[in-house]
Structure formats: structure tokens, C-alpha cells
Amino acid sequence: MTDSVSHKSTESELEARKIMRDTVKELRNSEKPLSGKKSTMNNTLKCVLVLALIAIVCVSLLAVANKFLKVEITLDKATSALINKIAPTGADDDTAFNNKYIEIVDLSKGGYAVTDLDAYNKTYGTSTQKVRALYTSKNANTGKVTLVVEAEGKGHVDAIVLLIAYDEENKISGVAVKSQSESYWDKLEGRQDVFDAFIGMSGNVTHLQIATSTGATNSLRGMADAASIANGFIARARGEAANKPVEETDEAKLSQLRKVSDANKFTRYTVGAAAVANAFVGDNGDVIVEARGDGGSYGKVTLMVRTESGKVVKVARVPGTDSFEPIGSHDSSVFRNDDTLNEIFAGKTLQELAGLPANGLAGTTGVTESGSGLIAAVKNALEYAASFEAETKGE
Amino acid sequence: MDMKKFKETALGGVLNNPVFVLVLGMCPTIGMSTNVTNALGLGLATAFVLVFSNVFISLLRRVIPDKVRLPSYIIIIATFVTLVKMFLEKFLPSLNVAIGRFIPLIVVNCIILGRAEAFASKNSVGYAALDGLSMGLGFTCSLVILGGVRMLLIMAGFEVFKTAAGGFITLGLLMALFNYLLGIYRNSRKAKLLLNGGDAL
């Protein structure tokens with residue numbers, strides 16, 4: 001009996017040992033992938049940490065270098081000579097430079113409504129459009145001072161830097177190219193008509209207003225962008241933007257305005273911001289905003305938007321912007337039709353705009369970029385019109 | 001110091017010339033070799049990036065995990081390329097206008113990534129710097145020679161050498177000449193070694 005009991009206990013002991021062995025084995029097996037997971041996690045963490053560390057070191061190095069290598073625009077002889085051509089001092093280039101008839105303006109010292117160029121560019125510029133400097137050119141004979149703005153816009157390859165001279169009415173009186181690295185620039189060489197087209201312009205400029213069929217469209221866009229931001233800047237620097245209304249006399253602009261309003265005369269309030277170029281008030285009280293929207297496949301989309309009480313009344317395209325270009329397979333012709341645009345946007349409020357599908361405007365698909373640009377432009381117009389109308393009524 | 005390795009590394013720019021032997025970095029080579037000034041500018045910019053990225057990568061070779069070595073190299077190389085771009089914008093604006101569009105392309109220049117992967121990540125800082133200097137100067141010299149020859153041909157009235165096609169023709173001819181001379185040098189070295197071996201025997 002005892003034997004049998006002891007035998008039985010031995011059997012159970014054996015079984016228990018077997019179970020223990022299996023459990024230990026299982027645990028050992030399960031430990032292996034556990035440690036594997038742990039090491040994978042460690043490796044991943046190490047990778048992330050090392051990459052982050054390298055990035056931090058590199059960024060710090062660049063930040064230090066930026067302090068010493070940051071380009072500060074100064075007036076050099078070459079720039080002075082270019083300015084002397086577009087805003088003549090009445091002296092030769094060397095005399096103009098040496099006698100300081102041409103000078104760079106230190107905005108922080110006052111005298112202009114804009115005192116900080118970096119802050120100005122943050123508010124009104126974009127990543128591809130900015131004002132670089134302001135110069136004065138004094139005529140040695142008459143004593144008349146001409147303001148010259150150095151501004152840049154992104155061309156086909158890189159930034160195109162323009163020097164733009166202005167008359168007393170903030171209209172362009174001369175343009176010179178300070179620098180460019182465009183691969184198709186030869187198409188514009190000798191085309192004086194291109195530079196002459198800028199003369200008399202103010203407010204927002206589109207490349208089609210300058211020239212057509214040059215073979216260097218993107219370079220023209222860059223120049224138009226530079227001129228647009230410079231035009232806004234000069235008005236603001238003189239303290240006239242948005243506050244000092246001017247009667248619109250530019251025929252191209254008037255024809256665009258007449259597409260959305262029956263007014264005979266229009267008063268322009270220069271805004272010069274990236275989202276809104278100008279606001280207009282017709283002699284019948286119509287408020288029209290010339291607004292731009294990011295997102296177009298070929299650049300910003302620009303629209304003339306007539307608004308009333310927070311709603312869109314009428315919309316018209318500004319030729320030469322984004323999808324309005326008849327370009328091959330990207331031809332979204334529906335957007336080149338003002339009637340279609342009005343079917344989409346007329347009567348819409350800001351809230352209703354939010355529900356519009358960028359990739360399904362007027363039933364079209366595959367034009368998401370243009371759709372986004374259009375919606376953004378109308379949204380910008382409505383937002384600006386709300387504050388503009390309140391401001392005007394307050395006055 | 002291992003003199004043999006030192007000599008091999010120092011002569012790497014000639015014996016394994018990136019342009020004429022390894023045929024690397026062809027885009028800037030053809031694009032910027034229409035005159036000597038641009039060629040020299042781009043060559044020196046590349047050499048600077050090559051030396052400093054090699055030094056950095058060699059310093060960090062034990063720290064950088066294998067899985068993320070390429071992104072790490074790219075970050076390091078891009079940093080030095082940005083430094084070169086900032087330097088050119090500040091001190092040499094006219095050169096920047098001429099070669100500026102090719103400077104960001106240095107980041108993806110096969111010579112730099114190739115040397116980082118094949119040499120700097122496996123050798124000490126001193127050798128990595130020497131390799132960067134040798135390869136960088138080798139690249140610069142090739143570019144200057146190519147630029148000089150093309151410039152002379154353009155000045156002589158052969159306008160075709162202004163184009164990429166002309167660049168490739170010049171490069172091909174110079175490559176043939178370089179490898180022919182290199183062959184003569186290598187054969188003479190072999191003969192010398194054999195002779196020394198014979199003496200020893």
C-alpha cells in the first residue's frame with residue numbers, strides 16, 4: 001500500500017516535474033521574443049535619438065553660422081548705377097554713389113510708416129515674395145527725391161530681384177533687374193517692352209499685364225510678384241495704404257471691375273497683402289475685393305469678388321492666374337468661365353464656403369489645387385470685406 | 001602611421017579620380033564646366049563639403065546606427081552645403097548667381113555620399129579628412145581642366161562646346177587621355193614591383 005502510494009506520489013511528482021519543465025521551457029521560449037522586442041524597441045529608440053541629436057547639432061551649427069553669414073543688404077556701386085538709370089540723379093554713376101545722391105533707407109530711424117522690414121514681410125510677404133530694401137535717389141539739379149524699392153519674386157529657377165522706382169502717386173516709373181538666375185532669361189533679353197509695361201502700374205500686377213508669349217512665363221510671374229509686393233509696400237511706407245483712397249484709372253483693372261459691378265467710377269484702397277491686393281468701392285456703393293488664394297496649380301488664384309452683408313454677390317476671374325491658363329491636360333476650362341464661377345459662389349457666406357468640396361466644384365474632379373485656390377480667394381475676400389465695410393461705415 | 005594607407009588615401013583623388021575614373025557627379029561636371037571660374041568655384045565648394053562631412057561622419061561612425069546611416073549622412077552633408085550657400089551669398093554674390101543653382105545639388109552628389117559610405121564611415125578622422133581633401137581636390141582639378149579645355153574651344157569659335165553635348169565630348173576625350181596615362185603609370189609601377197621582386201629572388 002505504502003509502496004503503491006509512494007509509487008503514485010512518484011508518478012505525480014514526475015508529472016509535476018514535467019509540467020514544471022514545460023512551463024520553464026515555455027517561459028524561456030516566451031522570454032526570447034520578449035527580449036527581442038525589447039532590443040528592437042531599444043534599437044528604434046537609439047535610431048530616433050541619434051537622428052534627433054544629429055539634427056539638433058546641425059541646426060545649432062547653422063543658427064550660429066547664420067549670425068555671421070546673414071546677408072545684409074547694403075548699397076553697392078552696381079546697385080547705385082542701376083538706380084541711377086531708373087531714378088536719375090542728374091550725375092554720373094560714380095558721382096551719384098560717392099556724393100550719396102543715392103542712399104539706402106534705415107526704416108528703423110523713422111520717416112516712413114513702415115519701420116521694420118522683417119515684420120512687414122511676415123505680414124504681407126510670402127515665402128516667394130518679399131521686400132528687401134528701400135532706397136532714395138535725389139536729383140542733384142532739382143532736389144526731387146525718388147523712392148526705389150528692392151523686391152523679389154520667385155521665378156522659374158530662383159528669386160528675381162527687381163529695383164522699382166515710384167512717382168508721387170505710387171505708380172511705377174522705372175524698373176531694373178538687380179539679379180536673376182533664370183534659365184530662360186535669354187527670351188526676355190532685349191525685350192524693353194516687357195520693362196516698359198510696368199510703367200504707370202500700381203496695386204497687384206499679373207504677368208499677363210506685362211507681356212504674353214515670351215517663352216519665359218515663370219520669370220514674368222516672378223517679376224509680377226516682385227512688383228506687386230513692392231507696390232503694396234510703397235503705399236504703406238508712405239502711410240497711404242488702405243487709408244488714402246485713389247480713383248482707379250488703370251483700364252485693365254477697370255474692365256475687370258466692370259465684370260462684377262455696374263458702377264462707373266471706382267475708388268481703390270490699396271491693401272498690398274498676400275491675401276488681398278486691393279479693395280474697391282464703386283460710385284454706387286458696391287464693395288469689391290481683389291483677393292488671392294493659395295493652392296492653384298500654376299500660382300495664386302486671383303478673383304474680383306463683389307460682396308454685400310457678408311455674402312458673395314458676383315465673382316470674376318483675373319486673367320493670368322492659375323487654372324485660367326489654358327494649359328494642356330491641366331485645362332480646367334470650367335473655371336475659366338465666369339458664369340460657372342458665379343453659379344458656384346454667388347450668394348455664399350463664409351460658413352457655406354467651408355462646406356464646398358475643393359475637388360468637386362461644379363462637378364469637376366481632378367482640379368483640387370485650383371478648387372482650393374478659388375475657395376481660399378473667395379474666403380479671403382469675404383473676411384476682408386467684413387472688416388473693410390465695418391471700417392468704412394465707422395468713418 | 002600606416003604609410004601605405006596614407007599614400008593610397010592621399011593619391012585617391014588621382015588614382016580613383018571621381019570624374020575621370022569613377023565617373024561620379026556628372027550633372028554639375030557638365031553643367032558648370034563651361035568656364036574655369038565656375039568650375040573652380042563649384043569644385044572648391046564640393047571639396048569643402050566633402051572634407052567636413054567626411055570628418056563629421058568619421059567622428060560619429062560608432063554612434064550612428066546602421067539603419068539610419070543614410071539619413072544621418074544626408075543631414076550632415078546638407079548642413080555643410082547650406083553653410084557653403086550662405087558663405088557664397090554673403091561674400092561671393094556674383095559667383096553665387098553663376099553657380100548657385102548647382103550648390104544645393106551637392107547634397108545628392110554621388111561623390112560625397114559615396115565617400116561617406118565607402119570611406120569615412122570605416123576610417124579614423126585623420127584618414128577621412130585626407131580622403132575628403134584628396135577626392136575634393138581631384139574633383140576640382142578635373143572640373144578646372146574640363147572647364148579650361150571647353151573654354152578654349154568655345155573661344156576658338158566651337159560653339160557646340162557650350163552645350164551639354166560638347167561637354168560630354170570633351171569629357172570623353174579627357175577621360176580617355178587620363179585613363180591612358182593612368183594605365184602607363186600603373187604598368188610602370190607593376191614593372192617596378194616585379195623588378196624589385198626579381199631582385200629579392
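Modeller: Seven of the eight residues of strand 10 (residues 301-308) of chain A are buried, so strand 10 is largely enclosed by the rest of the structure. Buried here means that 20 or more other C-beta atoms lie within 10 Å of the residue's own; 12 or fewer make a residue exposed, values in between make it partly exposed, and the C-beta atoms are placed from the backbone. Strands (E, at least two residues) and helices (H or I, at least four) are DSSP runs, numbered from the N terminus.

This is a predicted model, in which local features need pLDDT of at least 70 and side-chain atom pairs count only at pLDDT 80 or more, while totals for chains, interfaces and linings use all residues. Residues are numbered from 1 along each chain as its sequence is written, and chains are lettered from A and ligands numbered from 1 in the order in which they are written.

With strand 9 (residues 287-293) of chain A, strand 10 pairs in the antiparallel sense over seven bridges. In that pairing A:Arg292 stands opposite A:Thr302. Strand 11 (residues 311-317) of chain A also runs antiparallel to strand 10, joined to it by six bridges, and here A:Leu303 stands opposite A:Arg317. Strands 10 and 11 of chain A form a hairpin with two residues between them, and A:Ser309 in the turn has a positive phi of about 50°.

A:Leu303 deserves a separate word. Leaving out residues up to four places away in sequence, A:Leu303 touches A:Ala291, A:Val315, A:Ala316, A:Arg317, A:Val318, A:Ala377, A:Val378 and A:Ala381; contact means C-beta atoms, placed from the backbone, within 7 Å. In the largest nonpolar core, which has 87 residues, A:Leu303 is among the four that touch the most other members, along with A:Ile164, A:Ala227 and A:Val378. Such a core is a set of buried Ala, Val, Leu, Ile, Met, Phe, Trp, Tyr and Cys residues joined through C-beta atoms within 7 Å. Helix 7 (residues 217-237) of chain A gives the most to this core, with 11 residues. The core lies between domain 2 (77-237) and domain 3 (246-394) of chain A, because both give residues to it; the domain bounds come from an automatic or database domain assignment. A second, separate core of 38 residues includes A:Cys58, B:Ile106, B:Met135 and B:Leu143.

As for the two chains together, 18 residues of chain A are in contact with 19 residues of chain B. Helix 1 (residues 2-69) of chain A gives the most to the side of chain A that touches chain B, with 13 residues. Chain B itself has nine helices and zero strands, and buried residues make up 37% of its 201 residues.

Confidence is given as pLDDT, the predictor's score for each residue from 0 to 100. Chain A averages 81, and 82% of its residues score at least 70. Within chain A, confidence is lowest in helix 1, at a mean of 75, and highest in strand 1, at 94. Residues 323-332 of chain A stay under 50, and the model has 16 contacts for them beyond four places in sequence. Chain B has a mean pLDDT of 88. For the complex, the predictor gives an ipTM of 0.82 and a pTM of 0.57.

Definitions and conventions
Two strands pair if DSSP finds at least two bridges between them.
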